[in-house]
Amino acid sequence: MREDGVPSAALLEDIEEARAVDDRTLELRLRAPRSYFLYVIGGLWFCPWPRHKCEELGERWREPEQLVGNGPFVLAELDDEHALLRANPLWARRRGNVGEVHISFVTGDEEQASAWRSGRYDVLVLGGPPELAETESTVVEIVPLLASAWTAFRPDVPPYDDPLVRRAFSHALDRSRPVDGVPDVARPAGHGGILPPSMPGHSHRVSAEFDLDKARQLLAEAGYPEGRGLPEICVVLPDNAGGGRPEAIAADLVEQWSALGARVRPRIVTHHEFWRVLDAEGQAWIQGWNADYPDPDGFFRGVREGPPFYWDDQLEELVRRDGSLRNQDERMELYREVERLWIGEHAALVPLVYLRQLRVRRPWIHGAWSSTFWQMGQLDEVVVRR
């Protein structure tokens, strides 16, 4: 993975040496103790491939129809619109009575909800709407994700190079109420940190409280009384921001920050344009992240590889120390301290919502349990019983 430069190879940077001890044993030596590393090697990106198949197929080993696996289902068909899985006859563990799984690749909650009402699907994962709970023959579950969304400030350009301004804009956001344009199943962040409640180490009270008077006072101390002298602020949003409607999310932000006298110009762009536009003209941005594994390291590692957050040597030292601690309670306390400094004191970002998904199934589907990683549900022991 390192040699091929695949994006997920960055998750393996803790490995100093890897060697085959014998035909069935792989020995990994790490650069330092990493208590979260079992999560890393349990991830989908770490599934091993038979060397003889790679050598036999050459570059074609990457093609989906060449998949090698030992799970309960095998890939039988795949195109841009669907995938068909068939029960693996060599599966030796417990299984249900499902012979085939038809997966449709469909986007748009409304389109999927309409198809659900017409009886097309047996299991469906949505960002919303929750009114599907009222549909006949529907069992509804809300699944928390290891994901959150936030607005952040560039510390390298005015006016957010001043921590007083960052704190003022943080206090001006009311995060106790739902954010317009974000799916109803999402949970407002309130005063919580960037780590979602489903993640170990979540902090309940580290963000600035909503206090418009204090926000105006801080802005005046920074030299911008009632917003006078503030440059126009460009906020960059990807077109999938918060899993909802970016226009409504942007309008909500503009409305709240205008109470400070700020002139805010939202810029909605595609995922591919995001970094270029932010670098060229953005002073703030809205972003979300879903952790790679259920440990704070699986969240911070990906987030910090993105845009130019405020970061300093003290925060870097805390994160470095945390990675090598063996005591889990001590690790979580260190991450809470990182959030207290990063979000509370330096106001690098403002958590907005914690993302969740809506999973609906038919009452004749049994055993399809969900988790923060498997929103559709594990299918190996599913029983269809009408």
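At what angle do the axes of helix α9 and helix α10 cross, and within what distance do they come?

**Overview. The protein chain has ten helices and 14 strands.** This is a predicted model, in which local features need pLDDT of at least 70 and side-chain atom pairs count only at pLDDT 80 or more, while totals for chains, interfaces and linings use all residues. Residues are numbered from 1 along each chain as its sequence is written, and side-chain values use heavy atoms, with hydrogens and water left out. Helices (H or I, at least four residues) and strands (E, at least two) are DSSP runs, numbered from the N terminus. The C-alpha trace spans about 70 × 55 × 40 Å along its principal axes. With 386 residues, a compact globule would have a radius of gyration near 21 Å; the 23 Å of the protein chain agrees with that. This radius is taken over C-alpha atoms, and the globule rule is 2.2 Å times the number of residues to the power 0.38.

**Close-up 1. Helix α9 meets helix α10.** Two packed helices are described by the angle between their axes and the distance between the axes. Here α9 (residues 313-324) and α10 (residues 328-345) have axes that come within 9 Å and cross at roughly 165°. That makes α9 roughly antiparallel to α10. Axes are lines fitted to C-alpha atoms, for helices over the stretch in contact, and angles run from 0 to 180 degrees between N-to-C directions. Angles under 35 degrees count as roughly parallel, over 145 as roughly antiparallel, 65 to 115 as roughly perpendicular and the rest as oblique. The crossing of α9 past α10 is left-handed: the near helix is turned anticlockwise from the far one by less than a right angle, whereas clockwise would be right-handed. On the α9 side, the contact (heavy atoms within 4.5 Å) is made by Q314, L315, L318, V319, R321 and D322. On the α10 side stand R331, M332, L334, Y335, E337, V338, L341 and W342. By class, this contact of α9 with α10 has nine nonpolar, one polar and four charged residues. Ala, Val, Leu, Ile, Met, Phe, Trp, Tyr, Cys and Pro count as nonpolar, Asp, Glu, Lys and Arg as charged, and the others, Gly among them, as polar.

**Close-up 2. Helix α8 also packs on α10.** The axes of α8 (residues 296-303) and α10 are 11 Å apart, at an angle of about 35°. α8 passes α10 in a left-handed crossing. From α8 come P296, D297, F300 and V303. They meet R331, M332, Y335, V338, E339 and W342 of α10. The contact of α8 with α10 divides into seven nonpolar, no polar and three charged residues.

**Close-up 3. Helices α4 and α5 cross at roughly 160°.** The axes of α4 (residues 163-171) and α5 (residues 212-221) come within 8 Å. α4 is thus roughly antiparallel to α5. Their crossing is left-handed. L164, V165, R167, A168, F169 and H171 of α4 make the contact with L212, K214, A215, L218, L219 and E221 of α5. The classes in this contact of α4 with α5 are eight nonpolar, one polar and three charged.

**Close-up 4. Three strands form an open sheet in the order β3-β4-β5.** The pairing is antiparallel; two strands pair if DSSP finds at least two bridges between them. β3 (73-78) and β5 (100-104) are the edge strands, and each pairs on one side only. Neighbouring strands of this sheet are turned by 25° against each other on average, direction ignored. β3 and β4 (residues 82-87) share five bridges. V74 has R86 of β4 as its bridge partner.

**Close-up 5. Strand β7 pairs with β12 and with β11.** Between β7 (residues 139-153) and β12 (residues 349-361) there are eleven bridges, in the antiparallel sense. V140 has V360 of β12 as its bridge partner. β7 and β11 (residues 284-290) are also antiparallel, over seven bridges. Here W150 stands opposite Q287 of β11. In the loop between β6 (123-126) and β7 lies S137. Phi of S137 is near 55°, a positive value in a residue other than glycine. The loop between β7 and α4 holds P159. The peptide bond from P158 to P159 is cis, with omega near 0°.

**Close-up 6. A hairpin joins β1 to β2.** β1 (residues 15-22) and β2 (residues 25-30) pair in the antiparallel sense over six bridges. A20 stands opposite L26 of β2.
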